[in-house]
Amino acid sequence: MEGEVNREQEEEAQAHVDIWKYVFGFVDMAVVKCAIQLGIPDAMEAHGAPATLSDLSSTLGCSPSALHRIMRFLVHRKIFKEAPAGYLQTPLSRLLLKNGEKSLAALLLLESSPVMLAPWHCLSTRVLANESPAFESAHGEDVWRYAQENPGHSKLFNDAMACDARVAVPAIVEGCPEVFDGVESVVDVGGGDGTGLRLLVEAFPWIRGINFDLPHVVSVALDCVGVEHVGGDMFASVPKADAAYLKWVLHDWDDDECIQILRKCREAIPKGKGKVIIVEAVVKEDNNDKLEYARLMLDMVMMAHTNKGKERTSKEWAYVLSESGFSRHTIKNIKTVQSVIEAYP
Ligand SMILES: C[S@@+](CC[C@H](N)C(=O)[O-])C[C@H]1O[C@@H](n2cnc3c(N)ncnc32)[C@H](O)[C@@H]1O
Ligand SMILES: COc1ccc(-c2cc(=O)c3c(O)c(O)c(O)cc3o2)cc1
């Protein structure tokens, strides 16, 4: 009995520590956003050796006292290290470089933007009504129409998705290159600015790429060898190719909409050797999986930013694929938050 009482007292004490993560949860994002905007990781990368507070404040042109408090917080959060000689980069801080190959800075700047933060204040209404989309409640229209009417936001969004492509595509190439064996043409459905397909075609030069997205998105896509940009509506028709490739697209839509998109993809691929390649999160419902937290946070992002989007479990993926007329599918895990699903007509 005494042991039980002690355990309850320990849990109570721990709760009074843990609660602060939620009361001030936005602080982590805001201070990291500040570090990106000031260019702290970039200044440290350029400096090379350990950077002192004086080095950083003179390079960045900011108040040493305020910068010290920012760096103290970021060292505590293990984003930077502090040695006697000065501050040091970490693998985590290098993911915040403005132009780093694997940087996710653009994604953090998107998610911390006023446009993307506003819908979170409508989440409880979304849950209560289960119909009033949070993004529409905040902005009066869905995220895709808002992007069409606000080119600056569209660029922020496309840049964010492109930074994921620079992480995910190398993981696909490393983890399951065989997925693209024998595939001579790929249509990237909802391919954004084409970064993902450009990286795929660079890795698999035999592939002819078609980057397919809404007209306002492909109109600003960069030209690149081996990739043709085509504007259109994936709910109307999808350009024909050996394989339809969809990364971070189906999770933006509910089951009926996914089934519509997948049926259009099935119409676009050849009956015999055709396939659909889906790069999306597969919710494991396994709290021991180190990326499950990211997948579940992403599911909340879908609730906040899309009308009826969601992340799916393997059973939920099996349902939409079966309802779309795909006879079989496989799921391959890669080292990022996504998995690679291959579906065959
Ligand atoms: C979350 S983004 C993913 C972009 C890219 N596949 C990636 O992973 O980097 C979803 C994409 O779907 C596109 N999209 C939305 N509605 C569409 C439609 N009706 N037809 C074609 N593309 C659409 C958006 O413009 C956006 O580029
Ligand atoms: C590196 O890990 C990730 C990179 C990108 C995303 C991500 C994918 C989306 O489709 C998406 C989205 O549709 C959205 O509206 C949004 O606000 C963020 C977002 O992020 C997840 C993980």
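Predicted model: local features only at pLDDT ≥ 70, side-chain atom pairs only at ≥ 80, totals over all residues.
**Entry 1: a threonine to start with**

I began with a polar contact of 2.7 Å that joins the side chains of Thr-195 and Asp-193. A polar contact here is a pair of N or O atoms within 3.5 Å; within protein, one must be able to donate a hydrogen and the other to accept it, and residues adjacent in sequence count only if both atoms are side-chain atoms. Residues are numbered from 1 along each chain as its sequence is written, chains are lettered from A and ligands numbered from 1 in the order in which they are written, and side-chain values use heavy atoms, with hydrogens and water left out.

Thr-195 sits in helix α13. Helices (H or I, at least four residues) and strands (E, at least two) are DSSP runs, numbered from the N terminus. Is Thr-195 buried or exposed? I found a relative accessibility of 8%, so Thr-195 counts as buried. Buried means under 20% relative accessible area, exposed means over 50%, and partly exposed is in between (1.4 Å probe, protein chains only).

Next I followed the chain to Pro-205, in the loop between α13 (195-203) and β4 (208-213). Pro-205 counts as exposed because its relative accessibility is 61%. I also checked Pro-205 against Ile-269: they are 64 residues apart in sequence, and their C-alpha atoms are 20 Å apart in space.

Over residues 20-98 I read 63% helix and 8% strand, with the end C-alpha atoms 30 Å apart. Over residues 120-327 the chain is 46% helix and 15% strand, and the end C-alpha atoms are 38 Å apart.

**Entry 2: around ligand 1**

Which residues come nearest to ligand 1? Of the 16 around it, they are Gly-190, Asp-213, Asp-233, Met-234 and Lys-247. A residue is near a molecule if one of its heavy atoms lies within 4 Å of it.

I then went through the atom pairs. A side-chain N or O atom of Asp-213 is 2.6 Å from an oxygen atom of ligand 1. Met-234 uses its backbone: an N or O atom there lies 2.9 Å from a nitrogen atom of the ligand. Lys-247 also has a backbone N or O atom by a ligand nitrogen, at 2.7 Å. Taken alone, ligand 1 exposes 590 Å², and the protein buries 95% of that. These areas come from the Shrake-Rupley method with a 1.4 Å probe; for residues, only the protein chains shown count as cover.

The shell around ligand 1 has nine nonpolar, three polar and four charged residues. Ala, Val, Leu, Ile, Met, Phe, Trp, Tyr, Cys and Pro count as nonpolar, Asp, Glu, Lys and Arg as charged, and the others, Gly among them, as polar.

**Entry 3: around ligand 2**

Here I found 14 residues, and the closest are Glu-111, Asp-164, His-251, Asp-252 and His-305. Oxygen atoms of ligand 2 lie 2.8 Å from a side-chain N or O atom of Glu-111, 2.6 Å from a polar side-chain atom of His-251 and 2.6 Å from a side-chain N or O atom of His-305. Ligand 2 exposes 480 Å² taken alone, of which the protein buries 90%.

The elements that give two or more residues to this shell are α7 (105-111), α12 (151-175) and α16 (292-305). Which of the elements gives the most? It is α16, with four residues.

**Entry 4: cysteines**

How many disulfides does the structure hold? I found zero, taking a disulfide as a pair of cysteine sulfur atoms within 2.5 Å. The sulfur of Cys-265 is 10 Å from the closest cysteine sulfur, in Cys-258, so it is too far for a bond. Cys-258 is buried at 0%, and Cys-265 is buried at 0% too.

**Entry 5: positive phi**

Lys-78 is not a glycine, although its phi is positive, about 65°. Lys-78 lies in the loop between α5 (64-76) and β1 (81-83) and is exposed at 65%. Trp-248 has a positive phi near 50°. Trp-248 is in the loop between β6 (243-247) and α15 (255-268) and counts as buried at 12%.
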